[in-house]
Amino acid sequence: LSRSRRRFLPVLKYYREKYDLKQEEICDGICSVTTLSRIEQGFRESDSLVVQTLLSRIGKEVTLFETIVNEEDYDLWKTRTEIEKLVERKQFAAAKKKINAYRKMMPEEETNHEQFCLYQEACVLKEEGKPDEEVCDVLERAIKLTIPKIGTKTEKARLYSQMEIKLIFQLYQHHREEEMFLEQEILNVIAYVEKYYGDRNKEKIQTELYLAIIRYQEQKHNYEIILEYIEKLLQVIAKGEGFYHLAELYFLRARLKAKMAVTKADWEQCKKDCRLACGLYEIEEDEKGQNAAKKYYEELEQDKTVRE
């Protein structure tokens, strides 16, 4: 296992230099510069969670057995996996018990382990239907372990681990009192993903983040802002390989533009988007969505409002 780890550790240094990043930018909130330097040289036997977090800050992933250090590290990974499965299966009492056991096992000086525990506790609170304020309190404590100045402007773009992206995403969905700075943080994450992630994961993550903004702005009826984000998301999807959410986006654009339509050309574009949505829903075998798009198209056709 140690020989396998030594083969991939230079990847950290290679990509750091490729992207012209300082060690401080990658390890900020995770470990010291000295620790990162030793990891890059293959001298320090940091546990797998730390190494995977550092690699994810530059958009890279490695397999489990390339990062496992020893039997103790394997037990930590195994317990994390068990916690995730318990939460997914909604076995909350067992999950809480396992999280408490994990805290007794984990290295005290490394924040990533506590951040993992807090994230899982927030997931449990959310599933149990606890108030948003309670969920947000746990999420905030978790994100501030590695990004203590979250929401403040920085001179250089921030780097994010996969866990930090999850936390910011969940915070945005629950923390409506500070949605403005969180929305900017979401946009920062989208820009970060665009620069550092490969095509395989880029489309999925950016789509989820843009959709979170779009759905929230839809609740506030900010139609022009929503249309702007829809256009940006359509560009993201156009660069990828999939077409998921396209039907939803075209149908939403049709409905919003119909509210704002002024000319006959605007009205025809609404109907075109509606037809596209209908066809895409059919490809996705989403009968409910297809029927809704068909019904709305018929309403557009029957609308006798003069649009010249």
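Start by selecting lysine 60, which sits in the loop between helix 5 (48–56) and helix 6; helices here are DSSP runs of H or I, at least four residues, numbered from the N terminus. Keep in mind that this is a predicted model, where local features need pLDDT of at least 70, side-chain atom pairs count only at pLDDT 80 or more, and totals for chains, interfaces and linings use all residues. Residues are numbered from 1 along each chain as its sequence is written, and side-chain values use heavy atoms, with hydrogens and water left out.

Is lysine 60 buried or exposed? Its relative accessibility is 18%, so lysine 60 counts as buried (under 20% relative accessible area, 1.4 Å probe, protein chains only). Now show what is around lysine 60: beyond its neighbours within four places in sequence, it is in contact with Tyr15, Tyr19, Leu55 and Tyr196 (heavy atoms within 4.5 Å).

Next, select helix 6 (residues 71–88) and helix 8 (residues 111–127): their axes come within 10 Å and cross at roughly 15°. The axes are lines fitted to C-alpha atoms over the stretch in contact, with angles from 0 to 180 degrees between N-to-C directions. Helix 6 and helix 8 are therefore roughly parallel (an angle under 35 degrees).

Show the side chains where they meet: Leu76, Arg80, Ile83, Glu84 and Val87 from helix 6, against His113, Phe116, Gln120, Cys123 and Val124 from helix 8.

Finally, zoom out to the whole protein chain, with its 16 helices and zero strands. Of its 308 residues, 48% are buried.

Methods: Helix = DSSP H or I, 4+ residues; strand = E, 2+ residues; numbered from the N terminus. Parallel < 35°, antiparallel > 145°, perpendicular 65-115°, else oblique. Buried < 20%, exposed > 50% of the residue type's maximum accessible area, 1.4 Å probe, protein only.
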